Amino acid sequence: MKKFLKNVLYSGIQNRLPPEDQIKLLFINSIIFFGLAVLTVFGARDLAHGELWLGSITLGIAGVVLGLYFAIRAAKSSRFGVWFLPFLMFAFFSYLTASGGAGSTTVLWMLTYPVIVVFLAGAVPGSVFSAAFLAVQAVLLFVPGLSPVGEGAVEFKLRLLGVYAILFTFSLAFETIRLRAQKELARTGAELAAEKVQTDGILTNVTEGIFLLDPTLTIADEHSRSLAALLQTENPGGKSLPELLKGRLADREVAAASDYLQMFFLPHPPSHLMDGMNPLSEVAMASADGPHKHLTFAFGPVELITGRRVLGTVRDVTQAWELGQKLKDEEDRSARQMRHLFQIIHVKPELLLQFLQDADEEISAVNRRLKDPKADLSTLVENLFQGVHAVKGNAALVGLTSFAERVHDLETVIAAFRGKRPVWQDFLEMTVQLSIIHAELAEIRELLDRMALFQRGMEASTGGKDLLLMALEKAVDRLGHDTGQTVELDTLRFPPGLVPDRYRKLVKDILVQLVRNSFAHGFEPPPERQALGKEPRARIRVAAQSGEDHLTLTYWDDGRGFNPQQLRSVAQTLPSWTGKDPSSLSDSQALKLAFAPGLSTAVAGQHAGRGVGLGLVKDRVEAAGGTLKLRSAPGKGVAFDITLPMP
Amino acid sequence: MRILIVDDSRIMRSIVKNTLQALHYPPDTFLEAADGDQAWALLEAQEVSLLLVDWNMPGLNGLELVKKLRATAKFQSLPIIMVTSEAAKYNVIEAVKAGVDDYMVKPVTEKGLEEKIRRVLGWETS
Amino acid sequence: MNIRYILPFIEAVETAFNHLFRLQPRALTPYLVKKEEILDWDISGIIGIAGEAKGVVVLSFPAALALDLTTILTGETKTAIDDEVTDAVGELVNIVTGNAKKGLEEFRLLISLPSIVQGPHHQITWPSGSIPIITIPFSTTRGHFSLSVGLENIITI
């Protein structure tokens, strides 16, 4: 219905006209319809009263007016009406004046002329029309004989013209003012439009997200275009910022942000604290397309006419952050620990224990150097490097390849500082890394302790092997490998757990030294052995027995044994020999020479021959309150009997 | 005027007191408490114009005291400045949310404390 | 870089000593903490860290320096370690730890009230588990002290 009315009133051409002309057209059409109505009514009435001329002309004008309406529609232009009406009305009203009766009020219609015409045709043409019209009416009214109205009272005519003049003046005034106001409006509108073009230009092109928040933390519709991409939301306008952040940030970060933003709307926000409190100053937001985005937000309060708002800006700093991250190693700790554990359980516990002890010593040594205030810095780097290198080597030997790899990484870091002057921060770096390795070793040890508990439980039920014997076995294996001789170790008569704790290290050291000694003097190759009537495979036997107040250990090998003559001749060549003339010694006395410090019948090598071993063994046994006896015959082998007191 | 200084460290209390005395507050301005409960008792008993409170204290800690005060009509507009070693943003937010008027990170400086007191008590800043 | 988790503590020490004592502590070569170690210091202030990372912060002093620093803070000359001295040490480690939180904002950390261990050659009960702990000795014109920091879940290779 509304649409129909609009169409009628605007002659269907509303959209083609600027606002000013739209109003004029509306006015014209209103006059047309009003005029039509009035003309029809009066025309009909006049005809009914028998005033044929008046009636017909009135109705005729009505027809013209109707025609005008359609003419405007057809021409799709209001200009027609704008100019036609003033003329039409000029003519018609003049006719009314001329034909009206004395004192007739028909002439009153002319009072509407200036108002309508000034509005339709504008101030200047309107004034011309109105002035001309006034002149014509004045003539009609005052020149006798032209119009019956003219015969009326002078006061009436004067009042008529007077009112006309006033109406004319005011119409002019109104029109002028209206015009000026309209121009002003248009100018302001143009200015605003120009400014909007600028702001739009900024908002469209700026890379930062710029937005306003109202007290409910909703984003205003006017925001920079990039905001959508930054917040990964198509239309951020009208949405609540905390809602947009939910799911992309941790809940408590969103809560902190809400709290913080609300503070801007307090009557007295703590402005001096606000910047420092911004929890969104740098945030990692979960991103729909892959890696996290890093954004920085900044906020500030603004006072608008509509009230206080928060102006927010957001920037993407992901690239900068990612660059920083590339320098950081991101290996997952638990994955590493799992690999750790996996490798640990494949390594023999006792080997691991040894490794841990050694590593601990290396690190302690390094730590002592770190603590030394007088340490020379480049030497310190060297110490660090060597210590770490040793730990790495041992780790690899033992089979902890994953751990060794990471120690290797640390080694590389330190290696970079070798030969240079490292600054304090470099040392902090190295020490921190070292402390991490140290902590992991502690972790391994803990794991080991737990496993040891488990193992002890196992040992008790299956009678597992003695660690001491295992060390012996290892020594025999290694020496056998190094000298190319295969030797059997017989420990059947060595009950595990027989040796009390306080003698464990001593006994181990002794037995290992004796094994070294055996290998040093050698075992004959199998053919030779067979010729001598020995078993092709060389043997070492250890036995242990506990008596009421002492522990007896026996060590036996079936190798070449000691040669008293050889011992005598070697003693003679010793420059430090101060004892009896070796050549005068009996065989059993000569045997004792074996314990003399500095004496050795073997070539100095990795495993023997420095002439220290047996003498040291004897000293240590005797220092513990025990005894050591040697029995040997050339070609038969050696036997040692050791007793240790057991109080 | 009365200023109540609450901190479990006696030394800290005396440092704050000395700082304020250097700003020409007379010695009888100061009241002290070593924990939240003591502070509450003092506040109920006496008219206090400004509260300087630490965060980490045994018993009722500083943050809890502030919340308790703000939940009580009598103390809703009591000027409160939190003076604490806690420097993290989320701590500051929590404190402001609980209702402190200002927040100072230890160690305190004369100038800093003076500015904050002026601001909180609404005096002209020089 | 994982030293970035240690640096806030060092900065906090420097700031605190600057502001409170007008001293410029100089950091010396850091070293590892061995848990059973007996320390050379006379008094230590300890604060535990909990929350998204667990750890410990310790400031250790020789008696002379502790007394000296307390004297500066209180204005009264201290000749023996008393309640005020322990109070000062506790407050110092509190300030250092609280301030350091600013550089560790990505973790929500809670700090405990300080505890004091004293006596020559005292031992500290370090947290159980395998957290890496390092000690950074500092020297000042008034004496030496040390800062030990251990943090688990933060320091990783």
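Predicted model: local features only at pLDDT ≥ 70, side-chain atom pairs only at ≥ 80, totals over all residues.
I'm calling a residue buried if 20 or more other C-beta atoms lie within 10 Å of its own.

**Chain B, on its own**

I started with burial. Of the 126 residues in chain B, 44% come out as buried.

Next I looked up the secondary structure. I get 5 helices and 5 strands for chain B. Walking along the sequence, I read the pattern β-α-β-α-β-α-β-α-β-α.

Then I checked how far apart in sequence the contacting residues sit. Taking the contacts in chain B with a separation of 6 or more, I find that 58% come from residues 24 or more positions apart.

**Chain B against chain C**

How many residues of chain B are in contact with chain C? I have 19 from chain B, and they meet 21 residues of chain C. On the chain B side, the elements giving two or more residues are α1 (10-22) and α4 (89-98). The most comes from α1(B), which gives 5 residues. I sorted this side of chain B by residue type and got 9 nonpolar, 6 polar and 4 charged.

**Chain A against chain C**

Here 27 residues of chain A are in contact with 18 residues of chain C. Two helices of chain A, α14 (349-371) and α17 (424-462), each supply at least two residues of the side that touches chain C. Which of them gives the most? That is α17(A), with 16 residues.

Note on methods:
Residues numbered from 1 in each chain as written. Chains lettered and ligands numbered in written order. Contact = placed C-beta atoms within 7 Å. Helix = DSSP H or I, 4+ residues; strand = E, 2+ residues; numbered from the N terminus. Nonpolar A, V, L, I, M, F, W, Y, C, P; charged D, E, K, R; others polar. Buried ≥ 20, exposed ≤ 12 C-beta atoms within 10 Å, placed from the backbone.
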